[in-house]
Amino acid sequence: MTYDIAIIGAGPAGLTAAINAASLRKSIILLEKQNSVGRKLSVCGAGRCNFLNEKLDESFYNNAAQKLVKSVFGQFGKNEILEFFDKLGLKYYSDQGRFFPVTNQSASVLKVLEIWLKKLMVPVELGFEVVEVTKNKDGFLIKSKASQKISCKKIIFATGGKAYPALGSSLSLYDVAAKFGHSIITPVPAAVPLVVKGPFCHFLQGQKIYAKVKCVIDNKMTAQANGEMLFTKYGLSGTAILDISEEASIAINRYSKNVKIEVDMVPFIDKEKLESELTKRINNGFNGEDLIAGILPNKFVKVLKDLLEEKNIKALPSVLKGKIFDVLGTRGWNEAEFTSGGINTDEVDEKTLESKLIKGLYLAGEILDVTGSRGGYNLAWAWASGYLGAKYAANA
Ligand SMILES: Cc1cc2nc3c(=O)[nH]c(=O)nc-3n(C[C@H](O)[C@H](O)[C@H](O)COP(=O)(O)OP(=O)(O)OC[C@H]3O[C@@H](n4cnc5c(N)ncnc54)[C@H](O)[C@@H]3O)c2cc1C
């Protein structure tokens with residue numbers, strides 16, 4: 001049989017596409033290489049699933065994707081995504097603009113999607129790893145690693161990116177898309193901890209502080225964030241670092257540029273006030289190691305030993321408010337939340353998500369070069385692009 005639509009990848013984008021296409025009464029099939037659907041969804045937001053954000057617009061995405069994102073959210077934005085989940089029966093709440101299921105469990109989001117797949121009798125082929133797709137006069141022929149074959153009139157690629165390979169991410173459909181003539185913006189890990197030079201972090205491993213961090217590329221500041229920063233055995237992590245890691249990763253992995261992270265470890269006090277506080281302490285006869293007591297955790301005495309012993313009143317505030325770390329790389333795909341890069345968005349119709357190069361091929365989710373900020377933006381993109389891709393594939 002030839003299906004109306006075959007959807008490859010049962011992540012958030014593919015699941016939404018399948019539910020929408022099946023509601024539109026098309027004969028569809030959902031193909032997934034893992035033995036269960038939505039593996040990555042089940043770990044989202046540390047198992048809590050931040051599935052959307054109140055402030056949803058293109059400014060929270062990479063520049064290259066903004067035209068496409070604007071068009072997609074213009075048709076299926078925050079209200080439509082919430083309506084979609086209302087219909088599925090998911091109850092949710094918003095915490096400082098971030099939406100979560102009331103159960104605080106990603107499993108609940110996955111469960112309602114699975115229930116609707118069943119209700120709509122969507123055939124799901126698990127353990128079906130697509131390795132080849134060819135176009136013919138009737139549509140497409142799909143081949144799996146185990147040489148099974150499936151024919152369809154329209155096809156949706158929703159196979160995600162490369163982040164977290166243990167949960168099913170793969171390279172294979174980038175290759176298939178490239179064979180169809182699509183250009184692939186080199187995928188690099190994003191929302192990923194960084195590896196830095198020197199023993200500073202190693203000595204502080206496990207220590208969290210509230211910091212202001214800046215990404216400096218070839219001496220130019222390109223991104224900054226405030227928030228929790230975590231020192232690890234190999235470098236820097238925590239939400240503030242994850243928030244600026246994409247710029248660092250692109251600069252290193254795509255352009256071999258020199259990247260530094262500048263950290264204000266005491267953002268609650270300005271430099272002059274810090275200098276006068278330290279001077280006051282020295283004048284009051286404080287020991288070197290007590291100079292930062294109550295300003296930074298005690299563990300810092302070890303890494304700042306020389307400066308504290310010297311009571312170096314000029315160097316100390318500069319280091320505390322602008323410690324520089326040379327970045328050696330990222331922790332790689334195994335620890336990345338998102339992929340930056342993917343299929344070039346210029347090659348996709350902004351309204352329909354159909355490939356401009358291959359009629360009948362639709363692209364949805366993280367496989368495209370669309371990267372949102374942390375805060376529910378990547379899932380928002382997956383829901384919206386999956387829903388619309390299916391709508392247009394069904395109506396074309
Ligand atoms: C630890 C972690 C936490 C995250 N937390 C959040 C969060 O709280 N909020 C947020 O917005 N985003 C979060 N994300 C990002 C979010 O999970 C992704 O952006 C989203 O899952 C992308 O959806 P997708 O459907 O495009 O791809 P995926 O979820 O990657 O799904 C793609 C599916 O395609 C299948 N597949 C791949 N290749 C093939 C093939 N050749 N044949 C058949 N099947 C194939 C895969 O097995 C997979 O099931 C998080 C990511 C990680 C790793």
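These are my notebook entries from a look through this predicted model.

**Overview**

I began with the whole chain. I count 12 helices and 18 strands in it. The C-alpha trace spans about 85 × 40 × 35 Å along its principal axes. Of the 396 residues, 54% are buried. I also looked up the contacts with a separation of 6 or more: 72% of them join residues 24 or more positions apart.

Strand E1 (residues 2-8) pairs with E2 in the parallel sense, over four bridges. In that pairing Ile 5 stands opposite Ile 28 of E2. With helix H1 (residues 12-23), E1 and E2 make up a β-α-β unit, and I noted it as right-handed.

E2 also runs parallel to strand E6 (residues 124-125), joined to it by two bridges. Here Leu 30 has Val 124 of E6 as its bridge partner.

**H3 and what covers it**

In helix H3 (residues 78-88) I listed Ile 81, Leu 82, Phe 84, Phe 85 and Leu 88 as buried. Viewed down the axis of H3, these buried residues fall within an arc of 155°, so they line one face of the helix. I looked up what lies over them: the cover includes H1, strands E3 (52-53), E4 (92-95) and E5 (98-101), and helices H4 (106-119) and H12 (377-395). Just after H3 I found Gly 89 with a positive phi of about 100°.

**H2 against H12**

For packed helices I want two things, the angle between the axes and the distance between them. The axes of helix H2 (residues 66-75) and H12 come within 10 Å and cross at roughly 75°. Angles of 65 to 115 degrees count as roughly perpendicular, so H2 is roughly perpendicular to H12. On the H2 side the contact is made by Leu 68, Val 69, Val 72, Phe 73 and Gln 75. H12 contributes Ala 380, Trp 381, Ala 384, Ser 385, Leu 388 and Tyr 392.

Glu 132 stands opposite Lys 143 of E8.

**The barrel**

Further along I traced a closed barrel of six strands in the order E11-E14-E13-E12-E15-E16, with antiparallel pairing. Direction ignored, neighbouring strands of this sheet are turned by 45° against each other on average. Strand E12 (residues 208-217) and strand E15 (residues 259-264) run antiparallel, with six bridges joining them. One pair I checked is Ile 217 with its bridge partner in E15, Val 259.

H7 (residues 239-253) lies across E11, E12, E13, E14, E15 and E16, at about 135° to E13. H11 (residues 315-322) lies across E15 and E16, at about 110° to E15.

**Val 195**

Last, I picked Val 195, in strand E11 (residues 194-196). What does Val 195 contact, leaving aside neighbours within four places in sequence? I found Tyr 234, Gly 235, Asp 326, Val 327, Leu 328, Gly 329, Thr 330 and Arg 331. Ile 261 is 66 residues from Val 195 in sequence, and their C-alpha atoms are 11 Å apart.

Conventions. Residues are numbered from 1 along each chain as its sequence is written. This is a predicted model: local features need pLDDT of at least 70, side-chain atom pairs count only at pLDDT 80 or more; totals for chains, interfaces and linings use all residues. Side-chain values use heavy atoms; hydrogens and water are left out. Two strands pair if DSSP finds at least two bridges between them. A crossover is right-handed if, with the strands pointing away from the viewer, the path from the first strand over the helix to the second runs clockwise. Buried means under 20% relative accessible area, exposed over 50%, partly exposed in between (1.4 Å probe, protein chains only). The arc is that of the directions from the helix axis to the C-beta atoms. Contact means heavy atoms within 4.5 Å. Axes are lines fitted to C-alpha atoms, for helices over the stretch in contact, and angles run from 0 to 180 degrees between N-to-C directions. Angles under 35 degrees count as roughly parallel, over 145 as roughly antiparallel, 65 to 115 as roughly perpendicular and the rest as oblique.
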